[in-house]
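I am opening a notebook page for this model and will write down what I look up, entry by entry.

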Protein chains: 2
Amino acid sequence: MLALYFDEQPQIKEVDRPVPGEGEVLVRVRLAGICGTDLEVLKGYHDFKGIMGHEFTGEVAGPENSPWLGRRVVGEINIVCGACDLCRRGLSRHCRQRRVLGLRDHDGALAHYLTLPAANLHAVPPEVPDVWAVFIEPLAAALRVQETAPVSPEFRVLVVGDGRLGLLISWVLALSGAEVHLAGHHPEHLALARPRGVATFLTPDLPPGDYDMVVEASGSPAGLDLALARVRPRGTVVMKSTYVGRYPLDPAALVVPEVRLVGSRCGPFAAALRLLRDGRIDPRPLIDRTFPLSRGLEALAWAQSPGVLKVLVDCREDG
Amino acid sequence: MLALYFDEQPQIKEVDRPVPGEGEVLVRVRLAGICGTDLEVLKGYHDFKGIMGHEFTGEVAGPENSPWLGRRVVGEINIVCGACDLCRRGLSRHCRQRRVLGLRDHDGALAHYLTLPAANLHAVPPEVPDVWAVFIEPLAAALRVQETAPVSPEFRVLVVGDGRLGLLISWVLALSGAEVHLAGHHPEHLALARPRGVATFLTPDLPPGDYDMVVEASGSPAGLDLALARVRPRGTVVMKSTYVGRYPLDPAALVVPEVRLVGSRCGPFAAALRLLRDGRIDPRPLIDRTFPLSRGLEALAWAQSPGVLKVLVDCREDG
């Protein structure tokens, strides 16, 4: 089968179709997305070597006796042991033996086929087309903000960063009833948030005032500077993005105003599927371009261009 | 009256006795403590100018018609407006017009007399001697850890730093039933925690394993390094200490394990008084030396020596 493979360099190559292990299924990938973390892999993140990609939707193609056979699915990306102390304490997304689809010790989704434990699967409702379902992983990550720290409907919330993830976060937070502001540098991206009830600002034009919660989704030190400057005493800064390098943190900026700075990663797939099924979130405006898998290297290059939104890859064998 | 006054340099000098304003009382100071933050004032913290000190116990000496007259008291250090948006939202310790006893825009406790709003006072029960009551402010700050983040009795908690505050924090956390470890560099300090049910370790000898919560009370970048290295996924690092300078934070160290890093400052006086009254905390082993106010400069110099615990100042006019 064809795959977008990373080994110091990304390459499109023919590899053996994977064979599902005990408890696993084989998924024929229909559509996959390219995420910021995939671009970090290109820079050496996790020293990953293998098939890239972790955002996907597809249909189960094996084993023959699987109750999932033929069903349209999405899949959680963390492959966990279920036995370590963290798994037993309900922290399985942080399993000590964790492997991650396309990111750590498990081949990914930018291929004709992938394998995943059946326990990772969620059925895609018929109302949700593939181009929506492929957004399930970033939409779940956006919903994780509200699991990380409660968002009161009375809050003023600032989202910093108008990329794919920042936009999704601003959309889902606006559904909570909170007053949501989005700050970014791309007028054409900000325009996608305004119809969803989000007040948008070019970052230099952000009006004065502080926020109960700030979500840092820009992945830049300047974004974290802004977040810490604008969060109120005892407020929360949720960090959704990471980047290579260190942030020069002023300890007094946390201790004196008793601010909390909280990391936030993968989120709840089931809730994300409900929002898609009920039409609360329509991710299609986030799609920038779709490439066939055979042109995966072009897709990666395009995703790295400044200001590009979601790049999708059609992974069907005739795609 | 005599006072330990700071204006670019600390000095012992005669100043006018303060006159309590509307809603304020005059307190005759009996005993005051020197805190790490006072030592930061010497380095220019808050650009403070005035009488130093914020840890004290004393008795109310005026005005004549005050219902507090003659009562032995301690006092909360934040002087707040009661009218700004933060005060109205129950965040008055973060009042936007906040003044702080001996730290910001209000003369402090290292003097024969101080003034404070009557609303800041707590009566000291007769069972609590002055040498206990003078620890109320740091003991309340230690209790603030449990307000900052819930401490389950099933938690393993690490306290980093075996100074005055680190010891107090380890003692109060041990009362919660949690398994508390204290890491520091002073065997003679660690010995003060062991009889209180705290397991103690010289920092290089800390055994492997992670913690549900880590409290950083060392005020050093190495302490925060250790805290972030040892907190479990989705665990909490409570920052109690600050220092001049920046900490080089790795954003991935928060985002990937979804760790929360939370600042924590002033705490509940009433709860601290209950623990003292009931004999749950006996702070006397923390006392290093007591100086009379007239030798306040020596007291400051002594407090700056490495490994010194609490330095007290007897502020009675004949003290």
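Entry 1, a pair across the two chains. Which residue of chain B does the side chain of A:R89 meet in a salt bridge? I looked this up and found B:D212 as the partner, with a distance of 2.5 Å from N to O. I note that this is a predicted model, and that the rule finds 6 salt bridges across the interface of chain A and chain B.

Entry 2, the interface as a whole. I looked up how many residues take part, and the contact draws 42 residues from chain A and 42 residues from chain B. The area buried between chain A and chain B comes to about 3,700 Å², and carbon and sulfur atoms contribute 53% of that area.

For chain A the mean pLDDT is 96, and 99% of the residues of chain A reach 70 or more.

I looked up how helix 4 (residues 136–148) of chain A packs with helix 9 (residues 269–277) of chain A, and the angle is about 110° with the axes 8 Å apart. Angles of 65 to 115 degrees count as roughly perpendicular, and helix 4 and helix 9 of chain A are therefore roughly perpendicular to each other. Helix 4 of chain A contributes A:I136, A:E137, A:L139, A:A140 and A:L143 to the contact, while helix 9 of chain A contributes A:F269, A:A271, A:A272, A:L273, A:L275 and A:L276. Sorted by class, this contact of helix 4 with helix 9 in chain A holds 10 nonpolar residues, no polar residues and 1 charged residue.

I then looked at helix 4 (residues 136–148) and helix 9 (residues 269–277) of chain B, which pack at about 110° with their axes 8 Å apart. That makes helix 4 of chain B roughly perpendicular to helix 9 of chain B. In this contact, the residues of helix 4 of chain B include B:I136 and B:L143, and among those they meet in helix 9 of chain B are B:F269 and B:L276. The contact in chain B divides into 10 nonpolar, no polar and 1 charged residues.

The peptide bond from A:G62 to A:P63 is cis, with omega near 0°, and A:P63 sits in the loop between strand 5 (55–62) and strand 6 (72–75) of chain A. In chain B, a cis peptide bond joins B:G62 and B:P63, with omega about 0°, and B:P63 lies in the loop between strand 5 (55–62) and strand 6 (72–75) of chain B. Lastly, A:E258 has a positive phi, near 55°, and is a residue other than glycine; A:E258 is placed in the loop between helix 8 (251–255) and strand 17 (260–263) of chain A.

Terms used
Residues are numbered from 1 along each chain as its sequence is written. Chains are lettered from A and ligands numbered from 1 in the order in which they are written. This is a predicted model: local features need pLDDT of at least 70, side-chain atom pairs count only at pLDDT 80 or more; totals for chains, interfaces and linings use all residues. Side-chain values use heavy atoms; hydrogens and water are left out. Axes are lines fitted to C-alpha atoms, for helices over the stretch in contact, and angles run from 0 to 180 degrees between N-to-C directions. Helices (H or I, at least four residues) and strands (E, at least two) are DSSP runs, numbered from the N terminus. Angles under 35 degrees count as roughly parallel, over 145 as roughly antiparallel, 65 to 115 as roughly perpendicular and the rest as oblique. Contact means heavy atoms within 4.5 Å. Ala, Val, Leu, Ile, Met, Phe, Trp, Tyr, Cys and Pro count as nonpolar, Asp, Glu, Lys and Arg as charged, and the others, Gly among them, as polar. pLDDT is the predictor's confidence in each residue, from 0 to 100. Buried area is the accessible area (1.4 Å probe) that two parts lose on being put together, summed over both. A salt bridge is a side-chain nitrogen of Lys or Arg within 4 Å of a carboxyl oxygen of Asp or Glu.
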